[in-house]
Amino acid sequence: MRVGVYPGTFDPITLGHMDIITRGAKLVDKLIIGVTTNIAKSPLFNDDERIAMVKAEVAGIDGDIEVVGFNSLLMDFADAQRASVVVRGIRGVTDFEYEYQLTGMNRQLNDRVETVFLMADVNLQPIASRLVKEIAIFGGDIHKFVTPAVKDAVVSRIAERGLRQGMA
């Protein structure tokens with residue numbers, strides 16, 4: 001059985017993530033979505049909320065898909081899941097340069113795991129969770145970038161935290 005992992009913070013999960021998940025699930029027998037905390041980011045949602053959000057969003061996708069939280073090196077997580085493939089989405093050249101460096105480091109840690117890059121759908125390439133949150137904080141409409149359920153969760157969380165910014 002070929003197991004793949006698709007790691008990310010998914011804060012929030014976007015239509016771009018969903019595209020990579022849908023396509024990545026076709027490449028492996030089982031796709032494990034690893035929801036992690038990136039120490040360089042301040043998440044809008046906590047780990048449990050992000051895991052629940054991702055589970056809800058992927059429920060209707062064909063394939064054997066599991067959502068698992070992790071807080072370790074990706075290669076250690078891949079080993080624990082018995083994965084032989086890491087699936088990564090690429091939006092453009094900047095993503096590729098960053099992912100290329102990560103892949104090289106990961107190969108040094110565990111050369112039994114291959115990384116597969118999937119180019120984001122051309123219509124979804126500009127979408128980034130960071131930008132979705134920024135647009136929402138400034139009152140912009142994010143419906144083109146996330147599902148309705150995720151949009152509601154983001155807008156609600158921004159209101160709860162008093163993060164909404166007004167016009168200057």
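Predicted model: local features only at pLDDT ≥ 70, side-chain atom pairs only at ≥ 80, totals over all residues.

Trainee: In what order do the five strands of the open sheet lie?
Mentor: The pairing in this sheet is parallel. Strand 3 (64–70) and strand 5 (114–119) each have a single partner strand, so they stand at the edges, with one side left without a neighbour in the sheet. Reading across, the order is 3-2-1-4-5.

Trainee: Which residue of strand 3 is the bridge partner of Thr-36?
Mentor: Strand 2 covers residues 30–36 and runs parallel to strand 3, with seven bridges joining them. In strand 3, the partner of Thr-36 is Phe-70.

Trainee: Within what arc do the buried residues of helix 2 fall, seen down its axis?
Mentor: The buried set is Arg-50, Ile-51, Met-53, Val-54, Glu-57 and Val-58. An α-helix has 3.6 residues a turn, so residues three or four places apart point the same way. The buried residues of helix 2 line one face, because they fall within an arc of 165°.

Trainee: And which residues are exposed on the other side of helix 2?
Mentor: The buried residues of helix 2 pack against helix 1, strand 2, strand 3 and helix 6 (148–160). On the other side, the exposed residues are Asp-48 and Ala-56.

Trainee: At the start of helix 2, which residue's side-chain oxygen reaches the backbone nitrogen of Asp-48?
Mentor: Helix 2 spans residues 47–58. At its start, the backbone nitrogen of Asp-48 has a side-chain oxygen within 3.0 Å, and that oxygen belongs to Asn-46.

Terms used
Residues numbered from 1 in each chain as written. Heavy atoms only, no water. Pairing = 2+ DSSP bridges. Helix = DSSP H or I, 4+ residues; strand = E, 2+ residues; numbered from the N terminus. Expected span 1.5 Å × (residues − 1). Buried < 20%, exposed > 50% of the residue type's maximum accessible area, 1.4 Å probe, protein only. Arc of directions from axis to C-beta. Contact = heavy atoms within 4.5 Å. Polar contact = N/O pair within 3.5 Å; in protein donor to acceptor, adjacent residues only side chain to side chain.
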